[in-house]
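This report examines selected features of one protein model.

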Amino acid sequence: MNRKIESVFREESRPALATLLRLLGGNFDLAEDTLQDAFIVAATQWPEQGIPDNPRAWLISTARFKAIDQLRRQQRQQALSESVLDALVTEDEFATDPEDIEDDQVRLIFTCCHPALSEEARLALTLREVCGMTTEQIAAAFLIPVPTLAQRIVRAKNKIQAANIPYEVPDKVQRAERLNDVLSVIFLIFNEGYSPSAGQLVVSPALCEEAIRLCRRLGQLAADYEIKGLLALMLLHDSRRDTRIGPDGELVPLEKQNRHLWDQAKIREGCDLVEEALRDAPASSYAIQAAIAALHAQAKRPEDTDWKEITGLYTVLWHLQPTVIVALNRAVAIAMRDGPVTGLGLLANLADQHQFNKYLPFHAARADLLKRAGQSREAEFAYQQAIELAGETPEGAYLQKQLRTLQ
């Protein structure tokens, strides 16, 4: 029974919170407090009375009455309490539209990702309120002090209230305007789980899974090609998750991974979504990146990789997204197609145009191409530069191993 109750809490806490936020006019503190009170009541009653047929509705109803009690006590002190209280008291407990309940989580995503908030605030608030991560878990993931993260979340909530940011799913026009912000936050969550910006962990599965779940929920709202492209990209990357770390804890590069252990179901779904995203609309950056990931995933052996097609896709991506990272990845793809010497020439041209002294991927890529070209002395120096930037990380351990093979 305890395990069942814990499972209900994990599955229903975020959807219930999203609905309470709608009922309470976006009051985060009141919604969180009353939902916690409802959990306490459930933990006492359910072991004796059994779990309700609709536990989410039970939690929402119990929290709603807790909110009514609190608002009645605070009515004189809170200017907004009266209107919210009237709505709560008059609302039929069982009249909530199921479609509204389903859309509540989408409302919450768009609220947490509102452009009025900073990128850091959007990310922290989404992880806390939509994904249900604790403040301590989020702070640990980003290697920042818990008080700093807590203040960031508090300021974001206050900004939502002060700016009267509506708790709603934007209309079609506004949704299109704000979708990129929402997708960027979701992709940041995934990337922090798949390849953390700092720390020892190579993969944090919980963050990857939450990002994929959020993207699926958005896809249920609108069959948008950019949503499909991002979901495909995350699924294809996530299909390799369990093969990215070796038994000694070091990073395993793509060409060394055990392809038999890749998740074929995710690869099939990701490839299907790529085809839909590219067929239904003009190519987006997410769809192009997903197409590149699909070509890697479909290659049975490293030598079967279609580098010609990948190079062409990186060229298209560079026209859509002319960043240094895309240019670097394109140069590496050309090196794999035409040989390491050609790639080294492209990297030299990039180095003349950009400052790469502190950019780890550049030095790691250059070291690998020098090694492939048989230029051992230059490769050794490049590996040392990369190792210095990587520090004590799984990627640093892998680079150390490559350096030892040269020495």
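The sections below treat a helix, a residue within another helix, and the cysteines.

The model is predicted. Helix 13 spans residues 285–298 and comprises 14 residues. From its first C-alpha to its last, the helix reaches 20 Å, close to the 20 Å expected at 1.5 Å a residue. Because 12 of these 14 residues are buried, helix 13 is largely enclosed by the rest of the structure. Among the buried residues are Tyr286, Ile288, Ile292, Leu295 and His296. The buried residues of helix 13 pack against helix 9 (172–194), helix 11 (225–238), helix 12 (264–280) and helix 14 (307–320).

Leu127 lies in helix 6, residues 119–130. Leaving aside residues up to four places away in sequence, Leu127 touches Gly132, Met133, Ile138, Phe142, Ile189 and Leu207. Leu127 and Ala211 are separated by 84 residues in sequence, yet their C-alpha atoms are 9.4 Å apart in space.

The structure holds zero disulfides. Cys112 takes part in none, and the nearest cysteine sulfur, that of Cys113, is 6.5 Å away. For Cys271, the closest cysteine sulfur belongs to Cys215; the two sulfurs are 16 Å apart and therefore too far for a bond.

| Residue | Relative accessibility | Class |
|---|---|---|
| Leu127 | 1% | buried |
| Cys112 | 0% | buried |
| Cys271 | 10% | buried |

Cys112 and Cys271 each count as buried because their values fall under 20%.

Definitions and conventions: Residues are numbered from 1 along each chain as its sequence is written. This is a predicted model: local features need pLDDT of at least 70, side-chain atom pairs count only at pLDDT 80 or more; totals for chains, interfaces and linings use all residues. Side-chain values use heavy atoms; hydrogens and water are left out. Helices (H or I, at least four residues) and strands (E, at least two) are DSSP runs, numbered from the N terminus. The expected span of a helix is 1.5 Å times one less than its number of residues. Buried means under 20% relative accessible area, exposed over 50%, partly exposed in between (1.4 Å probe, protein chains only). Contact means heavy atoms within 4.5 Å. A disulfide is a pair of cysteine sulfur atoms within 2.5 Å.
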